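User: Could you walk me through the salt bridges in this one? I have the sequence and the structure open.

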Amino acid sequence: PIPAIVVLAALLLSYVRIGTWIKKPLFTTAVFGLVLALIIIAASYKSFAILYLPPIIITSSLLWFFARTLLPGKEPLISAIARVVFNESSDDVKQYTRRVTELWCWFFVAMLVEIISLSVFASPFIWSLFCNLLNYLFIAVFFLAEYVYRCYRFKLTGMLIKMIAFFMQVEQNPWEQLLKKD
């Protein structure tokens, strides 16, 4: 597995070209973070090291998915959701949803640091407990805490039901509406 991890790291690095470093700094940072994680895991080789990769890749992808929308000229992801799902586009809501998108990015950075640290320093049981159970609970708690705060701050009611109904629409693809400004 160590040669395979090194090859994967080299392939990821070769994908990032010089121009990408300047044009897409968040993407480049995510790729280098992933490569660093691969190197750390390979250095602390255990027979099941490859099992450490999916949580790192998934969390890095979520970080990228949120962070790319914070670049100049882009609409933050949570702002797009507020605009499309709730028809909210006031300046106060835009500022708040941009901050929430930034908070999600920091949340995923913290989670990535936790996952990599546990991969290197913790027992397989503790790593598995966090990556297969607790991290999902942390995401749910963060989501629900932000939801409760948003409802309190903007005096909203029925927001969760409206969001569920929006994403359950069969006749149209809600993701096209959310991502159309990209």
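Analyst: A word on terms to begin with: helices (H or I, at least four residues) and strands (E, at least two) are DSSP runs, numbered from the N terminus. This is a predicted model, in which local features need pLDDT of at least 70 and side-chain atom pairs count only at pLDDT 80 or more, whereas totals for chains, interfaces and linings use all residues. Residues are numbered from 1 along each chain as its sequence is written, and side-chain values use heavy atoms, with hydrogens and water left out.

User: ok, how many salt bridges are there?

Analyst: Taking a salt bridge as a side-chain nitrogen of Lys or Arg within 4 Å of a carboxyl oxygen of Asp or Glu, the count comes to 5.

User: What does E102 pair with?

Analyst: E102 is linked with R98 and R99 in a network of salt bridges. Its closest N and O atoms with R98 are 3.7 Å apart, and with R99 the N to O distance is 3.2 Å.

User: And how far apart are R99 and E102 in helix α6?

Analyst: They are 3 residues apart, so about one helical turn separates them; E102 and R98, in helix α6 too, are 4 residues apart, which is also about one helical turn.

User: Switching topic, what does D92 bridge to?

Analyst: D92 forms a salt bridge with R153, with the closest N and O atoms 3.0 Å apart. Because D92 lies in helix α6 (residues 91-121) and R153 in helix α7 (residues 124-154), the pair ties together parts that are 61 residues apart in sequence.
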